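Here are some notes for a colleague who is opening this structure for the first time. Please read them with the model on screen.

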Number of protein chains: 2
Amino acid sequence: MLTIELNYQSKEPFYEQIYKYIRDEIKEGMLEKYTKLPSSRGLASHLSVSRNTIDMAYSQLISEGYIESIPKKGYYVCELEQDFPKISLDDDWEEVVKEEEDYLVDFSPNGVDMENFPYNQWRKLMKETMQTDNSELFQLGDPQGDLSFRKTIRLYLHQSRGVNCQENQIIVGAGMDYLLLLLGMLFDKTKKIAFEEAVYPQAYQVFQSLGFIGENIPLDSQGIRIKELEKSGCDIAYVTPSHQYPTGIVMPIHRRLKLLAWAQEKEGRYIIEDDYDSEFRYHGRPIPALQGNDRKGNVIYLGTFSKGVSPAIRISYMVLPQTLYKKFREKCGFYSSTVSRIDQEVMNQFMAKGYFERHLNRMRGIYRNKHDCLVQELKQFGLKIQIFGESAGLHLLVQYFGKKKEEELLHLAKENGVKVYPLSDYMVKKKSNPYPIFILGFARLSEEEIKKGISILRKVW
Amino acid sequence: MLTIELNYQSKEPFYEQIYKYIRDEIKEGMLEKYTKLPSSRGLASHLSVSRNTIDMAYSQLISEGYIESIPKKGYYVCELEQDFPKISLDDDWEEVVKEEEDYLVDFSPNGVDMENFPYNQWRKLMKETMQTDNSELFQLGDPQGDLSFRKTIRLYLHQSRGVNCQENQIIVGAGMDYLLLLLGMLFDKTKKIAFEEAVYPQAYQVFQSLGFIGENIPLDSQGIRIKELEKSGCDIAYVTPSHQYPTGIVMPIHRRLKLLAWAQEKEGRYIIEDDYDSEFRYHGRPIPALQGNDRKGNVIYLGTFSKGVSPAIRISYMVLPQTLYKKFREKCGFYSSTVSRIDQEVMNQFMAKGYFERHLNRMRGIYRNKHDCLVQELKQFGLKIQIFGESAGLHLLVQYFGKKKEEELLHLAKENGVKVYPLSDYMVKKKSNPYPIFILGFARLSEEEIKKGISILRKVW
């Protein structure tokens, strides 16, 4: 007979206490294999519980394979053959602790201004979407993203970016990294990929982590150098033509045409156009996408709502040329969508109802003010610095012509509570520049913070 | 002089009309390279617009590289070198049209009951999360998922599934497919992966699309056969021990211990435990996760909120053993999270406030009723069928012992508006079974629909 001390105070039902007791006895070898357990009637009377309680405990032990019921004989402990693994202490577990850095002013090129986000409208759309009669929206959706959403994206891309495509060519995904991951599966791993020498580091890392070899192609004032690209032996070029990241170079039309001609020269060549922040240009119209001039299906267009809405809402999109789309359907068409359908529908309505355009227009004004304020403050440096890559996007570049070296400048800024980002961190291959260049983002800063940050830099640099 | 017909009715500003006119003239070769454009003053007076309008148009053309300004000389059309690509008609574009199938009763094993979802609570949490003072939540978050959310998941997994882990071992991702994709990047592509012969097809496809070789290991009544696994030469085994998908087999404890012993035999062996629907068991307690018995770090645990909340809300999680975690940090630690931080926080609160547990308890009752109803209806078939894999999950299996063949049964069901899912579609390698087995899901059906569907099957089968 098993004597089990039942805890009458515990919330745990009796059957669970009995099940756990017997399970642990078996685990620890106290109840050996082939041991006959008391009958459920006998144990019930012994423990003064209902027979049903014992039956439930036994039935759970049977389900998990600790005991078996042999008809007309009773319940027996199973042979486990293997011992239970002994507990190993996790001594070698290295906690990854990120250095918590606290800056007065952080000129990060990432992040967006969320003070001016239309929370009310977004909440309203969320509420409207989250209705019981929308319950179909809560089932699994189209792997490429919902059709209605792709239609809205198509219209937006055509009108705002000059992109020509059909809904079917659009793949919605949770972030650029994910879309690049999918894209990487469409290319032969032996293909070399050309990156502009200064680059969005994640893109380079994604392709590297997939086993591709990345080549480093120099930039001139018009973007990626075609001669060097031709010499590189690459068949795929990752570029940011409308606003080179991070240098801000705009690729002029003749360079674009040359790049397209390069892609057409050989079967299987592709241009990946990352159009990451085309929404924000402060003088004149946005620069149209390269994709709009592609007639042969060599351009893969990538865009995101990270800058226009929020980086926390993980919605990006990719427009595949038809040649690649077929391959996509074959190789990754089965991957479930990574974007919540609720989020898709909210973003869809946000665009379709005109809120997105209004928000972008408003933010363009707000960012322009911050941008102008930053430029104004920087001008007080005089000839010691030069500004690059301004008038668009959410950051600009500053080259320092004083005597101090990059490391010293970084150190001085940090010591005084200001974080700036050296361009050298964005270079595929580090190259020494006698006059260091820094990236200054302004999206998340107020004008006061911008003024404060630059005034500190003026003092210590 | 350029004569441009300005449209006074258009919403398009004049500068944009002028810019587009000149751009298109250059594109079409009407304005040849090196052509001198009129001065801005001259063109302004010719078109009766302000000089500022012309300056804006010229400045946009300069930005895009169509014209250049030569100091003291004026504006000139640039040499483009390449012609613009001619328009190619997209004749060969194959529209992928999915066959729209309309069934009276669809016994799909996918999808969940959303009629009983606590929309009000979810909406309330959404509203609370979407507050301006939460604006930090709208910036890019931790690549593994927010720490507070991982803490909540850890607690849940420990209490409900017996999973032992630290927050750092948890990776939150947008769906199982995505997490398997990441996981695939941690393994050497030469490793063979063992799959149970009946399998969640997406898992098999993901690894196949990544270039892995998948081996097909037979199942017996206790799950994957260890002898065959040993013979297979595989180092990684993908299993569903708590509720084999789709057969519903529960792997008993002695088989689990053997599987763990297999993994410990050789360096670099791993078990992928896909715990996709462990929440729903209708008699007794849930079967604990295999991971809870792992002491050597051989088990990778995967779970999802697709069944417990909704497949449309793309939140899954993976618990990596420490050995793999380090590799993960190195190889994919930089990948941005694929789950919106808003959704993470809403799910976090949904769990932390006890709504999730309440919802699961409620759904367990609702699904049990549907399950029992389906079993009841099926019993009327008599000896012609046998039921398998019942008492847990959102589907069960039915084997048909009549004279009709699988294809005929499927056809008869379809003709009469009922969709059933043959097990053969879930087999890694098709094998002919004289008595076909079908999967019947019940989550999305009402009891009336279940009764109707089975009564039709009884008539036609």
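1. Of the 461 residues of chain A, 59% count as buried, where buried means under 20% relative accessible area, exposed over 50% and partly exposed in between, with a 1.4 Å probe and protein chains only. The model is predicted: local features need pLDDT of at least 70, side-chain atom pairs count only at pLDDT 80 or more, and totals for chains, interfaces and linings use all residues. Residues are numbered from 1 along each chain as its sequence is written, chains are lettered from A and ligands numbered from 1 in the order in which they are written, and side-chain values use heavy atoms, leaving out hydrogens and water.

2. Chain A has 14 helices and 17 strands, taken as DSSP runs numbered from the N terminus (helices H or I, at least four residues; strands E, at least two). Its radius of gyration is 31 Å, well over the 23 Å that the globule rule gives for 461 residues, so chain A is more spread out than a compact globule. The radius is taken over C-alpha atoms, and the rule is 2.2 Å times the number of residues to the power 0.38. Along its principal axes the C-alpha trace of chain A spans about 95 × 55 × 50 Å.

3. In chain A, 71% of the contacts between residues at least 6 apart in sequence join residues at least 24 apart; contact means heavy atoms within 4.5 Å.

4. For residues 12–80 of chain A, UniProt lists "domain: HTH gntR-type" in an unreviewed entry; such annotations may be inferred rather than shown by experiment. This span is 52% helix and 12% strand, and its end C-alpha atoms lie 27 Å apart.

5. Helices α6 (residues 176–184) and α7 (residues 201–209) of chain A have axes that come within 10 Å and cross at roughly 35 degrees. The contact is made by A:D177, A:L180, A:L181 and A:G184 of α6(A) with A:Q202, A:A203, A:V206 and A:F207 of α7(A).

6. Which residues of α7(A) are buried? They are A:Q202, A:A203, A:Y204, A:V206, A:F207 and A:S209. Their cover includes α6, β5 (192–196), β6 (213–217), β9 (236–239) and β10 (270–274) of chain A, together with α10 (322–332) of chain B. Just after α7(A), A:G211 takes a positive phi of about 100 degrees.

7. B:K370 lies in helix α12 (residues 355–379) of chain B. B:K370 is buried, with a relative accessible area of 9%. Not counting residues up to four places away in sequence, B:K370 touches B:D113, B:F442, B:A443, B:R444, B:L445, B:E447 and B:I450.

Notes. Axes fitted to C-alpha atoms, helices over the stretch in contact; angles between N-to-C directions.
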